[in-house]
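Subject: Structure handover, aromatic contacts

Hello,

Here is the structure for your files. Please open it alongside this note.

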Amino acid sequence: METLDLIQNAQQGDREAFSMLFEENKKMVFGLAFKYTKNKQDAEDILQNTFIKAFNGLNKFQLKKHSSFSSWLYRIGISCSIDFLRDKKRMKKSLQDWELMDRTTSGSSGGDPEKNASREDLKKKIERLVDDMPPRQKMAFVLKHFQQLKIREIAEYMECSEGSVKKQLFRGVENIKGSLKKLLWEKDYEM
Amino acid sequence: MKCEEFRKNMILYLYGELDKKSAEELKNHIKKCPDCAKELEYTKRIFDLVEETKTEDIPEADWEKCWSRIDKKVSVPDKKREKYFEFFPKWAAAAAAIVCVLVIGFVIGRTTFIPGGDKITVTGGSEDTFQISLQEHFDSLKPLLIEYAHYSEDKDSNKVVLDKRYVEELLIQNILLKRLAAGKNPDDRQLLEDIELILREITNMDKNGTSNPLMIKEYINNQGILNAVDVRGMI
């Protein structure tokens with residue numbers, strides 16, 4: 001059955017058709033969520049939320065000549081990922097409010113690891129910096145650097161202007177540059 | 001153009017998304033400005049490091065488990081759902097507000113005045129602490145679940161209005177406990193997932209803070225959530 005037929009049937013409430021749409025698109029959504037979260041469990045949660053949201057909004061999806069179901073789903077996946085990160089960040093904040101120790105990030109303290117930073121250390125630091133970016137900035141960064149999308153495509157998926165995407169990317173990159181400057185600049189580019 | 005402007009364009013240049021004219025201007029500037037040349041080299045180096053952090057190995061998800069959860073949660077067709085959200089009479093607002101006050105008062109009263117229920121002590125470190133907090137969590141949820149499970153259209157009000165912030169706090173607590181339950185007790189995790197869906201339904205479905213009581217009632221009863229919470233609370 002063609003995707004178009006599957007969508008039409010799913011819009012009539014045919015769950016079998018929807019399950020086939022899930023089969024067709026599951027890897028794409030999971031891949032996006034995994035690149036965003038780097039965690040299988042979280043990516044599975046996002047995958048589920050995306051398809052539940054898609055099912056509930058199926059009737060809003062317009063079957064037009066150029067509208068692609070997978071693009072629409074991708075957009076929902078992005079929005080679910082951003083929501084997920086917001087929840088996670090809020091949860092983290094609540095944990096702090098409850099005076100909980102976040103042991104997972106405590107590795108960043110102690111000693112002066114920057115002095116003898118290896119390439120692996122630098123990569124870990126970058127991962128942490130990307131992880132700590134605000135949700136929309138992180139999404140723009142992931143889509144650009146890990147999914148190699150064009151700024152125009154990112155703007156379309158994130159439903160914002162290209163200028164806004166550029167701003168998010170610029171801030172993200174500047175943040176990383178600023179944080180690593182001490183490590184790299186002084187070491188290799190003595191001024 | 002100032003160096004600052006050129007530096008903004010460097011990022012777009014490295015993405016290959018700078019227009020030809022600006023790219024030429026940047027290249028010419030770099031030939032004359034050693035600071036900007038260094039900055040470009042440094043930015044490129046950062047890009048290379050970011051590239052190296054790319055996770056190429058995307059694991060396989062547990063597709064069957066994912067689909068079965070999705071399938072379970074989309075069991076109420078959209079049309080039926082829309083029907084639930086039809087017109088709520090305005091006269092019900094006052095009665096709904098009373099229900100709201102009673103529910104919130106009941107929930108706050110339970111968590112504030114029941115001995116041992118006035119502290120949230122989630123450490124994630126010990127099994128004992130986790131067990132206690134899970135019970136406290138279920139205790140906090142029970143009045144809310146009972147309210148929805150016993151909801152009836154015959155009541156004076158056909159609308160349940162809640163303090164969204166309070167429900168959001170319950171949702172955060174639920175998400176946290178779900179993570180702690182992952183890998184420890186699949187039943188707890190499943191129950192917390194079901195509860196999460198209900199809480200999300202309440203917090204997200206309607207921006208005005210109202211939710212669909214009939215659908216939530218149906219879900220609580222079909223999944224036997226109240227019983228599961230009771231049974232879990234007794235352990």
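Below are the notes on its aromatic rings.

This is a predicted model: local features need pLDDT of at least 70, side-chain atom pairs count only at pLDDT 80 or more, and totals for chains, interfaces and linings use all residues. Residues are numbered from 1 along each chain as its sequence is written, chains are lettered from A and ligands numbered from 1 in the order written, and side-chain values use heavy atoms, without hydrogens and water.

The whole structure holds 11 aromatic pairs over all chains. Rings of Phe, Tyr and Trp (its six-membered ring) pair if their centres lie within 6.5 Å; planes under 30 degrees apart are stacked, over 60 edge-to-face, the rest tilted.

A:Phe18 and A:Phe55 pair edge-to-face, because their planes stand at 70°, with centres 4.9 Å apart. A:Phe18 sits in helix H2 (residues 15–37) of chain A and A:Phe55 in helix H3 (residues 40–56) of chain A, 37 residues apart. Helices here are DSSP runs (H or I, at least four residues), numbered from the N terminus. Buried means under 20% (1.4 Å probe, protein chains only).

A second pair crosses between chains, from A:Phe22 in helix H2 of chain A to B:Trp67 in helix H4 (residues 63–73) of chain B. Centres are 5.2 Å apart and planes at 40°, so A:Phe22 and B:Trp67 are tilted. A:Phe22 is buried at 0%; B:Trp67 is buried at 17%.

Ring pairs join A:Phe18, A:Phe22, A:Phe51, A:Phe55 and B:Trp67 into a cluster.

Best wishes

Note on methods. Helices (H or I, at least four residues) and strands (E, at least two) are DSSP runs, numbered from the N terminus. Buried means under 20% relative accessible area, exposed over 50%, partly exposed in between (1.4 Å probe, protein chains only).
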